[in-house]
Amino acid sequence: MKYACLLGNIFASLGFWSAAQAIGVAALWLSSVAGLHAAIEYVPALDAYVVTEFPAGWPCTPERLADMDRLLGLGKMSREAETGDWTLDCHLVIGANDGTETYFQIGAPDHRTNETLILRGSLYVTPYHVAGESPYQHWWYGPAHVNRLSLGGAEYPEVHAALLFAASERGEVGSLVIGARREADGRVTRGRGGQFMAWNGLVSAADAAPGREIAGVSLAGADGFVFLNSTLARVKGMMTYGLNAGWRINVRIEDSVFAHGGQVIIGGGPLIFRNCRFHDNDTVVLDYGGMDVTLDGCIFENNRCNWALRFPGKTPGTLALIDCDIGAPRAGNQMEVSASHLAAMRDKGESPQMPQALIKRHVVARAMDAEGRPVLKAMVAVRAEQPGCDMDEGMRFVTGADGRTPARGERGAILLMAEKQVVAEEHPSGVISTWTYTIIAENDAGRGMVAGFAPARKGGEVSVVINQPGN
């Protein structure tokens, strides 16, 4: 791109091309020298830089974008001398729906370990299929193509990249939109495709002051969202709107933080968040119907509302919380059924099933003899002491050399229902059920039992002494 900029400057200085035509010079030079057709174009009607056809092995970067901005002389891209942070004073559009593929990389390991792009506008990753424009009537008929924004990389844990949104001259803070394209009249055209991948990254507002939050994060239509060991913070509205899993969709969310936002998870599913921390948000899980969300090993801290469940369906919408540390919400959880949705289902003759939150915890059973020595290969059975936990009581769990059954993350671990919260018409706060269990351990030498065990905390363990017959 530096060579393309140099060539463009030479021709522009000779009066052969205008600044706008110099874009074509850059694309042509890349084609002839590198075998590429990459292009960076500033589109005044969009007030946006549009980046297309940068392959995975040679992605567009803030530095390459800055090179083109210097070529065009627009002054849209600047760099802070002290920190090295880039600032773009317009919108950014990545990719097209014309069968090409485009990659944009923030935090490139070949030149900067820690890289920050500050955007005074919105960022759009374009879908590869738009109805009425693409050659295939439906996206599933045609091949998938990749338009992707990446922060860091899976193979470069030392790279920590950031995408920050700052207020424009009009005082507006933009949005992160994956799977849609910006139009000249301000409308957004949605489609299928568009990816956002972050490893050890940060997406946040540049200014922590109230009123300066990111306007929203939209993932409707996106076919890729990977968020690992990363942070999404200071979003005014919905933080993962439209996120879903399914065919041709790559979703993986682990070891990440979601903080100081509006609504983090917007129903849908099936979605799994593993080992994530949610703190100082308005609502962590907002039910919009058809909910199938699992939070595994997550932490809730100082949220106004941990979950708001409202919509009945043909099957119960389910929020499963496995081994989560659930701090008390500041204003309580919301468990009020949508009366209009309920009435509409009944008018159709449908039998509404209420949404529910299922709190489950892994438990380790420790079998020992009367002297406190571990018992190897003891058979452990678990019996619920109250009905309705839906546990398969025919299952058996086997102790290892330390006398313990497998722990969380290991095959054959014990997972127990601790609490169920179900939305109900007559109960504005929902109906809550809890369970206790009888744990039985036995081998050829004898049998032991513990009754009234409540899986009240993460990492719980219960000890069972196997006595000799007659002792």
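The dialogue below walks through some features of a predicted model.

Visitor: How should I read burial, and is T61 buried or exposed?

Guide: Burial is read from the relative accessible area, and a residue counts as buried when that value is under 20%. T61 has a relative accessible area of 3%, so T61 is buried. Its place is in the loop between strand 2 (48–52) and helix 3 (62–72), and, once the neighbours within four places in sequence are left aside, T61 is in contact with F104 and Q105.

Visitor: Which residues does T116 touch, if I again leave out those up to four places away in sequence?

Guide: With those residues not counted, T116 touches D85, W86, A162 and L164. T116 lies in strand 7, which covers residues 114–119, and because its relative accessible area is 13%, T116 too is classed as buried.

Visitor: Now the aromatic rings: how many aromatic pairs does the structure hold?

Guide: The structure holds 15 aromatic pairs. One of them joins F225 and F227, which are stacked, with 5.5 Å centre to centre and 10° between the planes, and both of these residues are buried. Another pair, formed by F300 and W307, is edge-to-face, with 6.1 Å centre to centre and 85° between the planes. F300 is buried because its relative accessibility is 2%, and W307 is buried because its relative accessible area is 1%.

Visitor: Which residues form one aromatic cluster?

Guide: The cluster consists of F196, F225, F227, F258, F273, F278, F300 and W307, so that the stacked pair F225 and F227 and the edge-to-face pair F300 and W307 both belong to this cluster.

Visitor: Which residue lies over the face of W58, and which over the face of W247?

Guide: In such a case one looks for a charged side chain placed above a ring. R64 lies over the face of W58, at 4.0 Å from the ring centre, while R248 lies over the face of W247, at 4.6 Å from the ring centre.

Visitor: What does W247 form together with Y136, W140 and Y141?

Guide: Y136, W140, Y141 and W247 form a nonpolar patch on the surface, and together they have about 510 Å² of accessible area. Y136 is found in the loop between strand 8 (123–125) and strand 9 (147–151), and with a relative accessible area of 38% it is therefore partly exposed.

Visitor: What should I know about the backbone before I look at its angles?

Guide: Most residues other than glycine have a negative phi, and most peptide bonds are trans. With that in mind, we can turn to particular places in this model.

Visitor: What is the phi of N200, and what is the phi of N275?

Guide: Phi of N200 is near 55°, a positive value in a residue other than glycine, and phi of N275 is likewise positive, near 55°. N200 is found in the loop between strand 14 (195–199) and strand 15 (202–205), where its relative accessibility of 14% is why N200 counts as buried. N275 is found in the loop between strand 22 and strand 23 (277–279), and its relative accessible area of 34% means that N275 is partly exposed.

Methods
Residues are numbered from 1 along each chain as its sequence is written. This is a predicted model: local features need pLDDT of at least 70, side-chain atom pairs count only at pLDDT 80 or more; totals for chains, interfaces and linings use all residues. Side-chain values use heavy atoms; hydrogens and water are left out. Patches are made of residues with over 30% relative accessible area and no salt bridge: like charges are joined within 9 Å, nonpolar side chains (Val, Leu, Ile, Met, Phe, Trp, Tyr) within 5 Å. Accessible areas come from the Shrake-Rupley method with a 1.4 Å probe; for residues, only the protein chains shown count as cover. A salt bridge is a side-chain nitrogen of Lys or Arg within 4 Å of a carboxyl oxygen of Asp or Glu. Helices (H or I, at least four residues) and strands (E, at least two) are DSSP runs, numbered from the N terminus. Buried means under 20% relative accessible area, exposed over 50%, partly exposed in between (1.4 Å probe, protein chains only). Contact means heavy atoms within 4.5 Å. Rings of Phe, Tyr and Trp (its six-membered ring) pair if their centres lie within 6.5 Å; planes under 30 degrees apart count as stacked, over 60 as edge-to-face and the rest as tilted. A charge sits over a ring if NZ of Lys or CZ of Arg is within 6 Å of the ring centre and within 35 degrees of the ring normal.
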